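Good morning, and thank you for coming. Please look at the sequence and the model on the screen while I take you through a few of their features.

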Amino acid sequence: MDIGDIDPQEWAGARRRAEILSKLPERPSGEQIHDAMAALGVGRTTLFRWLKRFRESARTSALAPRRRGPHSGMRPLAAEVLGIVEKHFREFYATRRRPTLTRFWAEVAADCRRQGFPVPSIRRLRRWLDRQDEAELLRRREGKGKSEPVFLATPGSLEATAPLAIVQMDHTKVDVTVVDPITRLPIGRPTLTLAIDVATRMAMGFHLSLDPPSLTAVALCLTHAVMDKTRWLAARGIAAEWPARGIPRVIHVDNGAEFHALAFERACAEHGVDLAYRPPGTPRFGGHIERLIGTMMGAVHLIPGSHFSNIRARGD
């Protein structure tokens, strides 16, 4: 968009939006969102659409009203051709197969020729794709887990007012394989269970085992989290302090079966600990523990013999 072509009144509106949106922090609070909505006179969805557009482009012109309709100089596709394009988009392009634009065009072109219709150029097809819903396309091609972190607005943050106010726990498979010290045959990948204090961002405790995630792993990780670690460090010859200890007030966990075990729920209630379960399929609600796990796995990848999480990450 040429900023010289923007109507003066629309430009003034875009500048006002940019002024208000530029004052919002990276993760605005609920009150800041409400104030921005009131100041701009828009709903939540529109506010976050503008905010995403503004932050991606860093330009005031991104907040000017967009002209509807086809691109200048671009004729709409004939109804018959459009039907073919939409069919292949729905059944071929917007699928987990994730074909390239060239493959998509080849399928459309072959169908058009077979039915005697004019073949649209790959450039026109790209422009048609540009007008489709990006969030929905990414969801259909790569899944909700890839789409939501990119397009779903997640304002605010998890606030813990003091140490032990909130502790998050989770498991992960470590990207190394344990081998027998004599035969060198692989035994398996260990499972790491971690706990982190949200207020201090300090690791509270861990448990490492070759067994899959279980109630036992949760119990041993929590035992390590609440205990004084002075003797534990000394027994391993570690000359460092690890002051994190104590019973948390709230434990945030995912929906694994071990976290729903009656023994775990009652043990927490016995010691006055509240359990909070994050919604299924939403790792962003466990951001602190997910980041700690990512940091730990990054360190593991520096160990000789680490096989990373997939062959692409390993460089094969």
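I begin with a definition: helices (H or I, at least four residues) and strands (E, at least two) are DSSP runs, numbered from the N terminus. The model is a predicted one, in which local features need pLDDT of at least 70 and side-chain atom pairs count only at pLDDT 80 or more, while totals for chains, interfaces and linings use all residues. Residues are numbered from 1 along each chain as its sequence is written, and side-chain values use heavy atoms, with hydrogens and water left out.

Let me first describe the chain as a whole. Its secondary structure comes to 13 helices and seven strands. Of the 316 residues in the chain, 35% are buried, where buried means under 20% relative accessible area, exposed means over 50%, and partly exposed lies in between (1.4 Å probe, protein chains only). A contact means heavy atoms within 4.5 Å. Among the contacts in the chain with a separation of 6 or more, 56% are accounted for by residues 24 or more positions apart.

I turn now to helix packing. Two packed helices are described by the angle between their axes and the distance between the axes. The axes are lines fitted to C-alpha atoms, for helices over the stretch in contact, and the angles run from 0 to 180 degrees between N-to-C directions. Angles under 35 degrees count as roughly parallel, over 145 as roughly antiparallel, 65 to 115 as roughly perpendicular and the rest as oblique.

At what angle do helix H2 and helix H3 pack? Helix H2 (residues 30-40) meets helix H3 (residues 44-57) at about 95 degrees, and their axes are 10 Å apart. H2 is therefore roughly perpendicular to H3. On the H2 side, the contact is made by Ile33, Ala36, Met37 and Leu40, and on the H3 side by Arg44, Leu47, Phe48 and Trp50. For the classes, Ala, Val, Leu, Ile, Met, Phe, Trp, Tyr, Cys and Pro count as nonpolar, Asp, Glu, Lys and Arg as charged, and the others, Gly among them, as polar. The contact of H2 with H3 has seven nonpolar residues, no polar ones and one charged.

Helix H1 (residues 8-21) also packs with H3, at an angle of about 85 degrees and with the axes 11 Å apart. H1 is therefore roughly perpendicular to H3. Here Arg17, Ala18 and Leu21 of H1 meet Leu47, Trp50, Leu51 and Phe54 of H3. By class, the contact of H1 with H3 comprises six nonpolar, no polar and one charged residues.

Asp35 has its place in helix H2. Asp35 counts as partly exposed because its relative accessibility is 44%. Its C-alpha lies 9.7 Å from that of Ile20, a residue 15 positions away in sequence.

Arg98 is a residue other than glycine with a positive phi, near 50 degrees. Arg98 sits in the loop between helix H4 (79-93) and helix H5 (101-115), and it is partly exposed, because its relative accessibility is 45%. Leu164, which is not a glycine either, has a positive phi of about 70 degrees. Leu164 belongs to the loop between helix H8 (144-151) and strand S1 (167-173). Is Leu164 buried or exposed? Leu164 is buried, because its relative accessible area is 17%.

Helix H5 also holds Cys112. With a relative accessible area of 0%, Cys112 is buried. Leaving aside residues up to four places away in sequence, Cys112 touches Val81, Ile84, Phe117, Pro118, Val119 and Pro120. Between the C-alpha atoms of Cys112 and Val85, 27 residues apart in sequence, there are 9.2 Å.

Another buried residue is Val176, with a relative accessible area of 18%. Val176 is placed in the loop between S1 and strand S2 (178-179).

I close with the second largest pocket. Which helix supplies the largest share of its lining? The answer is H9, with six residues.
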